[in-house]
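Look through the sequence and the structure below before reading on. The paragraphs that follow go from helix packing to aromatic rings, and then to single residues.

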Amino acid sequence: MVFKVGVMGAAGFAGVELVRLLTQHPNFELAVVTSDADAGKAIADTYPAFTGMDLPLFTNHDDPALFECDLVFLAVPHTVALKYAPPLLEGGVTVIDLSADYRLKDPDVYEKWYATKHTSVDVLANAAFGLPEVVRGEIAAAAETFAAGKAVLVSCAGCYPTATSLAAFPAIQAGLSAGLVVVDAVSGVTGAGKKATARTHYCFADESVEAYGLASHRHTPEIEQILGISGQDRLVFTPHLAPLKRGILSTVTLSVPEGVRIAPEALQELYEGFYADCPLVQVLPAGTSPKTASVAGTVKAQVSATLAANGRAIVCLGAIDNLCKGAAGQAVQCANIVVGLAPDAGLPTVALPV
């Protein structure tokens with residue numbers, strides 16, 4: 001079965017990554033791509049990688065053809081999805097949202113961290129969270145609703161929360177963490193979006209690594225929500241920018257509770273068992289560390305968990321491509337599940353070896 005899909009915000013980095021994935025997907029027909037700034041232009045004019053391909057021209061976000069789609073992906077900044085998701089849903093169109101507008105379950109938390117009013121709390125209440133390997137029940141329920149002929153909204157997890165949560169969740173769920181959850185995560189510059197800034201301009205980002213958003217990054221409450229530690233004041237999240245195009249490597253250090261002991265072999269078995277039915281998460285063998293080059297261009301995630309020599313801490317690592325598993329690829333993965341396909345249907349799972 002083929003589903004007609006649209007991408008709103010297709011000229012941005014996450015949006016054009018969606019275009020790349022959807023043009024190769026056997027069950028999705030890319031029918032509409034929007035960009036207010038590029039309306040009337042061909043995608044190949046901005047991204048020559050698509051030269052020679054028969055693709056729709058960019059149109060405005062208000063293009064009524066979006067309402068003729070089965071699914072629409074919103075690759076737009078926060079607050080923009082608040083405007084467009086409700087009417088699409090009312091029109092019977094399923095929405096896969098890559099923005100932050102419907103990720104946080106508590107609208108007060110959203111308003112605090114994003115400094116804007118949440119204008120569709122009723123829609124938020126019915127949104128499914130899109131991190132299928134961890135928040136499994138919500139995406140499954142959305143699939144049942146879609147199968148019954150109703151439109152659904154899936155709000156996909158952010159890039160840092162995805163890498164961090166996939167790395168740490170099995171250990172935290174198993175009760176192997178007490179006290180602070182310390183996250184040091186490194187991202188490539190595409191995570192900052194298409195528009196260059198003083199931080200992401202090539203001349204400033206090249207040959208430099210820096211921390212930013214200390215104690216204030218907006219992904220903090222989302223990570224807390226996923227890991228089940230909201231309101232506990234346990235998370236210390238420090239993001240870093242590295243001179244990479246793609247990739248996130250998240251290092252999560254957990255303190256093992258007093259009186260708890262776990263053998264390294266048992267920790268490895270815990271992770272392998274937790275992700276046994278997750279085709280897009282690869283638990284690496286003991287002694288092997290994830291790296292961004294091994295997942296670049298794919299929707300795969302690599303994770304590992306290592307027990308410190310003294311047995312008092314666990315170091316969890318997660319590597320993803322921030323544009324793919326951290327954004328567009330995860331959105332397509334969620335769409336696959338919603339429409340009844342395999343999670344990895346039509347998605348690239350092998351990175352370039354060199």
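Angles between axes of 65 to 115 degrees count as roughly perpendicular. The model shown here is predicted. In it, helix α7 (residues 159-173) packs with helix α10 (residues 264-274) at an angle of about 110 degrees, and α7 and α10 are therefore roughly perpendicular to each other. The axes of α7 and α10 lie 10 Å apart, and the crossing of α7 with α10 is right-handed. On the α7 side, the residues in the contact are Leu166, Ala167, Ala168, Phe169, Pro170, Ala171 and Gln173. They meet Leu270, Tyr271 and Phe274 of α10. Sorted by class, this contact of α7 with α10 contains nine nonpolar residues, one polar residue and no charged residue.

A second helix pair can be read in the way just used. Two packed helices are described by the angle between their axes and the distance between the axes. For helix α1 (residues 13-22) and helix α11 (residues 324-339), the axes come within 9 Å and cross at roughly 45 degrees. The crossing of α1 and α11 is right-handed. From α1, the contact takes in Ala14, Glu17, Leu18, Arg20, Leu21 and Leu22; from α11 it takes in Cys324, Ala327, Ala328, Gly329, Ala331 and Val332. These residues of α1 and α11 divide into nine nonpolar, one polar and two charged.

The next topic is aromatic rings. How many aromatic pairs does a search of the whole structure find? The search finds six. Is Phe169 buried or exposed? Residues with under 20% relative accessible area count as buried, and Phe169, at 12%, is therefore buried. Phe274 has a relative accessibility of 14% and is buried as well. The ring of Phe274 also pairs with that of Tyr275: the centres are 4.9 Å apart and the planes stand at 85 degrees, so this pair is edge-to-face. Tyr275, like Phe274, is buried. Elsewhere, ring pairs join Phe3, Phe28 and Phe146 into a cluster.

Helix α9 (residues 220-227) is mostly covered, with seven of its eight residues buried. The buried residues of α9 are Thr220, Pro221, Glu222, Ile223, Glu224, Ile226 and Leu227. What do they pack against? Their partners are the helices α4 (107-114) and α7, together with the strands β6 (128-130), β8 (178-187) and β10 (235-241). Just after α9 comes Gly228, which takes a positive phi of about 75 degrees.

Strand β10, one of those partners of α9, holds His240. With a relative accessibility of 18%, His240 counts as buried. Residues up to four places away in sequence aside, His240 touches Tyr160, Asp184, Ala185, Val186, Ser187, Glu210, Ala211 and Tyr212.

Ala127 sits in the loop between α5 (121-124) and β6. Its relative accessibility is 7%, so Ala127 counts as buried. Apart from neighbours within four places in sequence, Ala127 is in contact with Tyr102, Lys105, Glu138 and Leu153. Between Ala127 and Val95 there are 32 places in sequence, while their C-alpha atoms are 9.7 Å apart in space.

Most residues other than glycine have a negative phi. Ala115, which is not a glycine, has a positive phi of about 50 degrees. Ala115 lies in the loop between α4 and α5, and at 68% relative accessibility Ala115 counts as exposed. Asp233, also a residue other than glycine, has a positive phi near 55 degrees. The place of Asp233 is the loop between α9 and β10, and with a relative accessible area of 70% Asp233 is exposed.

Terms used. Residues are numbered from 1 along each chain as its sequence is written. This is a predicted model: local features need pLDDT of at least 70, side-chain atom pairs count only at pLDDT 80 or more; totals for chains, interfaces and linings use all residues. Side-chain values use heavy atoms; hydrogens and water are left out. Axes are lines fitted to C-alpha atoms, for helices over the stretch in contact, and angles run from 0 to 180 degrees between N-to-C directions. Helices (H or I, at least four residues) and strands (E, at least two) are DSSP runs, numbered from the N terminus. Angles under 35 degrees count as roughly parallel, over 145 as roughly antiparallel, 65 to 115 as roughly perpendicular and the rest as oblique. A crossing is left-handed if the near helix is turned anticlockwise from the far one by less than a right angle, and right-handed if clockwise. Contact means heavy atoms within 4.5 Å. Ala, Val, Leu, Ile, Met, Phe, Trp, Tyr, Cys and Pro count as nonpolar, Asp, Glu, Lys and Arg as charged, and the others, Gly among them, as polar. Rings of Phe, Tyr and Trp (its six-membered ring) pair if their centres lie within 6.5 Å; planes under 30 degrees apart count as stacked, over 60 as edge-to-face and the rest as tilted. Buried means under 20% relative accessible area, exposed over 50%, partly exposed in between (1.4 Å probe, protein chains only).
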